[in-house]
Amino acid sequence: MARHGGRGWYGRVVAAAVGVTALAAATSVWTAQAGPVGGGHAGANTSGKPSQSRRAAPVSAEIVHASDRGTRGVNITIDDGPDPTWTPQVLQVLKDYGVKATFCMVGTQAQAHPELVKAVVAAGHRLCDHTVSHDTTMDTKSDAYQSQQILDAERMITKASGGVRPLYYRAPGGAFTPYSRKLAASRGMRPLGWNVDSKDFERPGTNAIVSTVKSEIPNGPTVLFHDAGGDRSQTVAALREVLPWLKQQGYSFGLPVR
């Protein structure tokens, strides 16, 4: 996994990463997409109220890439938001093509835009913890720092969503450590990698983004896009081309295996 470069936008949120969160911080949570936290299926609760669970069941600490749709499945993942300009546009494209995605959210962005977090959940997409401040050097930092980044973001995202907790953890720039993977997994968040980096963050042009996805999709099912960190108009345009093309090639859209 290549590290992302040119992330000046994140310098403005690093200051929010203060304090160390206790490992035992817990809240009553539910997931509209996956039923009660730790297992179950959507729709299993017939009361009309959110399913509740006091603690997420641990999951595997191995980095997942596989799709729940099998060998011809594709996982669309959207990083770094939510953003008030671009997240609604990405949501609209996904809706237009009937695609469910995984949104890897930065904690401070989720805290600042809870209405967007709720919109993502309401549309049936899944949430992913992408830390508090998107520090791509996390793998060089102390365990205490990694804990703060992961657990504070989990708390921020869960609160912003109205109680839906993230089901995955993606380290910024792929800066996973054995400790961070084990910590996330103990909280019910499967470490999430990627196979195809669309390079949309670099804004190389819509055609270049589309070409990258088309040429690299044989590498594996999980594709990385962004909905924040700058002008994402190329990403929106690329998704409008890539999603129908993938369907035409016989792929189906799924979600990362838990």
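In the predicted model, Ile76 is in contact with Leu94, Val99, Ala101, Thr102, Val223, Phe225, Leu243 and Phe253, when residues up to four places away in sequence are left out. Ile76 belongs to the largest nonpolar core, a set of 36 residues, and together with Phe103 has the most contacts inside that core.

At least two residues each come from strand 1 (73-79), strand 2 (102-105) and strand 7 (222-226). The helices that supply at least two residues each are helix 2 (86-96), helix 4 (114-122), helix 5 (143-161), helix 7 (206-216) and helix 8 (233-248). Helix 8 gives the largest share, with 7 residues. Another core, of 11 residues, lies apart from the largest one; among its members are Tyr145, Tyr169, Leu183 and Ala184. In soluble globular proteins, nonpolar side chains tend to be buried together.

The cysteines were examined next. A disulfide is a covalent bond between the sulfur atoms of two cysteines. The structure contains 0 disulfides. For Cys104, the closest cysteine sulfur is that of Cys128, at 3.0 Å. For Cys128, in turn, the closest cysteine sulfur is that of Cys104. A disulfide requires the two sulfur atoms to be within 2.5 Å, so the 3.0 Å between Cys104 and Cys128 is too far for a bond.

How values were computed. Residues numbered from 1 in each chain as written. Predicted model: local features only at pLDDT ≥ 70, side-chain atom pairs only at ≥ 80, totals over all residues. Heavy atoms only, no water. Core = buried A, V, L, I, M, F, W, Y, C linked by side-chain atoms within 4.5 Å. Buried < 20%, exposed > 50% of the residue type's maximum accessible area, 1.4 Å probe, protein only. Helix = DSSP H or I, 4+ residues; strand = E, 2+ residues; numbered from the N terminus. Contact = heavy atoms within 4.5 Å.
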